[in-house]
Amino acid sequence: MPENRLPVAALTCCLLLATTACGADDGGDRPGRAERTVEPTEVAELHAEPALTLDCLHVIDERPAPTGALTVFLGDVALETGRRLRPAEVDGSEPPHPLFAKSGLMVRAGARVDIEVLPAPGNGASIVWGNGRPAAGSVRVPGCPARSAEQPWLAFAGGYHVDRPGCVTLIVRSHGLQTKVHVPVGADCRTEGSSDRLETRPPPLGARPAKAVVPSV
């Protein structure tokens, strides 16, 4: 009965897809995991030149694709948004903010990318990638080349300086487009309008560390 094979095959395929979906790990309720929120892509707005430009010599690794812990934005930028980062007190002299959460950045080779902390009242945050670079409110990756065509994704070490745990919101721009990226630094990111947003406060070199904001009870 050949005429019945197609419906049976289609039903079997649907059952397999449903089983796979049910078995997928969304990680939403696990400690240390956070829901990934993807914002719409827009035409990039006019903006000031980033405060710092990364040095291509500070690339620490090259890979065929971003690791599974990273989310790709605009096809050129990969950031860690799927888990709550763990900020810790900063050692050393006069950090820009008292807490730092380590989290790397990956950028597609040749892509010129701008990343900016979105200003918001109530707290302070800055970003840093590249060995020995100071923290800033905005950075640019100038379009670094890859050493191998088989490994077009470039990795930079760094992370986020914050005054307190919260949701760091970034604006990522590449190829004339932009999108918002929400990074949970010690606390989950809420929906639009959340009071968790952090303000940009690019610290001057040698500035004293900002004091943590203690919420009133």
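This is a predicted model: local features need pLDDT of at least 70, side-chain atom pairs count only at pLDDT 80 or more; totals for chains, interfaces and linings use all residues.

Modeller: Residues are numbered from 1 along each chain as its sequence is written, and side-chain values use heavy atoms, leaving out hydrogens and water.

Biologist: How many disulfides does a search of the whole structure find?

Modeller: Two, a disulfide being a pair of cysteine sulfur atoms within 2.5 Å. Cysteine 56 is joined to cysteine 144, S to S 2.1 Å.

Biologist: Is the disulfide of cysteine 56 and cysteine 144 left-handed or right-handed?

Modeller: Left-handed, because the torsion about its S-S bond is about -85 degrees.

Biologist: And cysteine 167, what does it form a disulfide with?

Modeller: Cysteine 189, with the sulfur atoms 2.1 Å apart. The torsion there is about 95 degrees, so that disulfide is right-handed.

Biologist: Switching topic: is histidine 182 buried or exposed?

Modeller: Buried, because its relative accessibility is 6% (buried is under 20% relative accessible area, exposed over 50%, partly exposed in between, with a 1.4 Å probe and protein chains only).

Biologist: Which side chain does the side chain of histidine 182 make a polar contact with?

Modeller: Threonine 169, at 3.0 Å. A polar contact is a pair of N or O atoms within 3.5 Å; within protein, one must be able to donate a hydrogen and the other to accept it, and residues adjacent in sequence count only if both atoms are side-chain atoms.
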